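User: I want to learn how to read the packing in a fold. Can you take me through one case?

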Amino acid sequence: MTRGLAYYLWVSYRRKRVDADLEALDPAFEGRVLDVGGGRRRGVFRPPAGARWIVADLDLSGGPDVAVDIQALPFHEAVFDTVKATEVLEHVPDAARALAECRRVLRPGGRLVATVPFLERLHADPEDYARFTRSMWERCLGEAGLTPQTIAPQGGYFTHLAGLLRFLVLRAPRPLRWPGYLTFPLLDLLARLDGSARVQRSALASFVGGYLIVAGKPSTVQPTVARTPR
């Protein structure tokens, strides 16, 4: 990934964490990949070489391959190896329906890779509907017929605190903003405290910035047991 000064100064801790997690999952993006909501490509993650990448988005400004609503995908069943939906599901009125659609277009054994915020500010795109806990995502995935493989927390108490302070600097008048940039390395160190074992064992671990979700579509369909009429 190419990262410069603008990326360091202006991109949030949330987006940087999403980029890092997607980069770590790079090998998972192979075959035919549906990238829902990826039209504007806000981060620095880019499709790996060799993947057949289809970008689908309601927003046409980013030039997606297909204009779609994740709640009603215009594709046949079982045609994608992976569905990517990063920072999308919080903007969907019916997340359960969206997950069911992702499952429908995945081939057996395929995977959904999603990221969702929790302790993050509201951001309409065009609307912002919900923040779910891990337990709720487990329930939603199960009801959609997807098997959770990973629901990993992204960021925590100190990352959120550092992000709030960073936000104040970035929204400050220009004469105050420049000296505020000098605090960013200290805020970076503050955010890194979330990774310490001591913090992870404490009550502070209950603060979660968001989640990385990886869920699979079962590779085999359970047979329907015929009932004998009484």
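Analyst: Start with burial. Buried means under 20% relative accessible area, exposed over 50%, and partly exposed in between (1.4 Å probe, protein chains only). Helices (H or I, at least four residues) and strands (E, at least two) are DSSP runs, numbered from the N terminus. In this predicted model, the buried residues of α2 are Tyr13, Arg14, Arg15, Lys16, Val18, Asp19, Asp21 and Leu22.

The model is predicted: local features need pLDDT of at least 70, side-chain atom pairs count only at pLDDT 80 or more, and totals for chains, interfaces and linings use all residues. Residues are numbered from 1 along each chain as its sequence is written, and side-chain values use heavy atoms, with hydrogens and water left out.

User: What covers the buried residues of α2?

Analyst: Look for contact, meaning heavy atoms within 4.5 Å. The cover includes α1 (5–10), β3, β4, α5 (157–170), α7 (184–192) and β6.

User: How do I read the sheet, and what is its strand order?

Analyst: Two strands pair if DSSP finds at least two bridges between them. Here six strands form an open sheet, ordered β2-β1-β3-β4-β6-β5, with mixed pairing. β2 and β5 (147–153) are the edge strands, each pairing on one side only. β1 pairs with β2 in the parallel sense over five bridges; there, Asp35 has Val55 as its bridge partner. β1 and β3 are also parallel, over three bridges. Leu34 has Val83 of β3 as its bridge partner.

User: Which strands does α3 touch?

Analyst: α3 packs on the sheet and touches β1, β3 and β4. Its direction makes about 145° with that of β4. Axes are lines fitted to C-alpha atoms, for helices over the stretch in contact; angles run from 0 to 180 degrees between N-to-C directions.

User: Why is β2 largely enclosed by the rest of the structure?

Analyst: Four of the five residues of β2 are buried, so the strand is largely enclosed.

User: How many residues does the largest nonpolar core have?

Analyst: A nonpolar core is a set of buried Ala, Val, Leu, Ile, Met, Phe, Trp, Tyr and Cys residues joined through side-chain atoms within 4.5 Å. The largest here has 32 residues. Leu34, Ile70, Leu112 and Trp137 have the most contacts inside it. Elements giving two or more residues include β1 (32–36), α3 (95–105) and β4 (106–117). A second, separate core of 12 residues includes Leu25, Ala51, Val55 and Leu212.

User: What is Leu112 in contact with?

Analyst: Leave aside neighbours within four places in sequence. Leu112 then contacts residues including Val83, Leu99, Leu141 and Ile213.
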